[in-house]
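Please look over the sequence and the structure shown here before reading on. The briefing that comes after them is meant for someone meeting this chain for the first time.

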Amino acid sequence: MNISGNWTYKEDFEFGNSVGEVKVTQTGNDVSATFTFTEKVENDYEINVIESVKGIINKGKVVLESQKVKATQNGRTIEYIPNNFEVYLVSENKMVGSTYDSENVCGVFIMERINVE
């Protein structure tokens, strides 16, 4: 299964949710991706995040480790704790998984392929 392409990204976590898109490139079992999303913390603030990750597919699962992250809030660059993404390949058009960071904040997400015509 080749997961290269563009995907929607919807995540729920303890304090809010994230919505955005992911561009995935797969070569053999090597995977790299760029997550571009807006993280909304309930009744508090929003952060725009661009996070580059890499990993290896093994038995229908890939753990993507953060390589580079840029976050902005109200137009200003801010510090952001990088995520790791544990992704399960459900089908050619759907992936599900979880995120976690060094502060043990966890989330669950769904990615669905964006059909380019």
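The notes below go from the chain as a whole to a few single residues.

This is a predicted model, and the secondary structure of its chain comes to 0 helices and 9 strands. Read from one end of the sequence to the other, the pattern is β-β-β-β-β-β-β-β-β. The radius of gyration is 14 Å, close to the 13 Å that the globule rule gives for 117 residues, so the chain is as compact as a globular protein of that length.

**Overall dimensions and packing**

- Taken along the principal axes, the box that the C-alpha atoms of the chain fill is roughly 40 × 35 × 25 Å.
- Of the 117 residues in the chain, 33% count as buried.
- Among the contacts in the chain with a separation of 6 or more, 37% are accounted for by residues 24 or more positions apart.

**Surface and charge**

- The chain exposes about 7,200 Å², and carbon and sulfur atoms supply 45% of that area.
- There are 11 positive and 18 negative side chains in the chain, and the centres of these two sets lie 7 Å apart.

- F109 is found in strand β9, which covers residues 106-113.
- The relative accessible area of F109 is 3%, and because buried means under 20%, F109 counts as buried.
- Leaving aside residues up to four places away in sequence, F109 touches Y9, K10, E11, F85, E86, V87, M95, V96, G97, S98 and T99.
- One of these contacts is V87, which stands 22 residues from F109 in sequence and 8.9 Å from F109 in space, C-alpha to C-alpha.

**Two loop residues with positive phi**

- As background, most residues other than glycine have a negative phi.
- N43, although it is not a glycine, has a positive phi of about 55°, and N43 is found in the loop between β3 (30-41) and β4 (45-58).
- Is N43 buried or exposed? With a relative accessibility of 85%, N43 counts as exposed, because exposed means over 50%.
- N104 is also a residue other than glycine with a positive phi, in this case near 60°, and N104 lies in the loop between β8 (94-101) and β9.
- The relative accessibility of N104 is 63%, so N104 counts as exposed by that cut-off of over 50%.

Technical notes. Residues are numbered from 1 along each chain as its sequence is written. This is a predicted model: local features need pLDDT of at least 70, side-chain atom pairs count only at pLDDT 80 or more; totals for chains, interfaces and linings use all residues. Side-chain values use heavy atoms; hydrogens and water are left out. Helices (H or I, at least four residues) and strands (E, at least two) are DSSP runs, numbered from the N terminus. The radius of gyration is taken over C-alpha atoms; the globule rule is 2.2 Å times the number of residues to the power 0.38. Buried means under 20% relative accessible area, exposed over 50%, partly exposed in between (1.4 Å probe, protein chains only). Contact means heavy atoms within 4.5 Å. Accessible areas come from the Shrake-Rupley method with a 1.4 Å probe; for residues, only the protein chains shown count as cover. Lys and Arg count as positive and Asp and Glu as negative; His and the chain ends are not counted. The place of a charge is taken as NZ of Lys, CZ of Arg, CG of Asp or CD of Glu.
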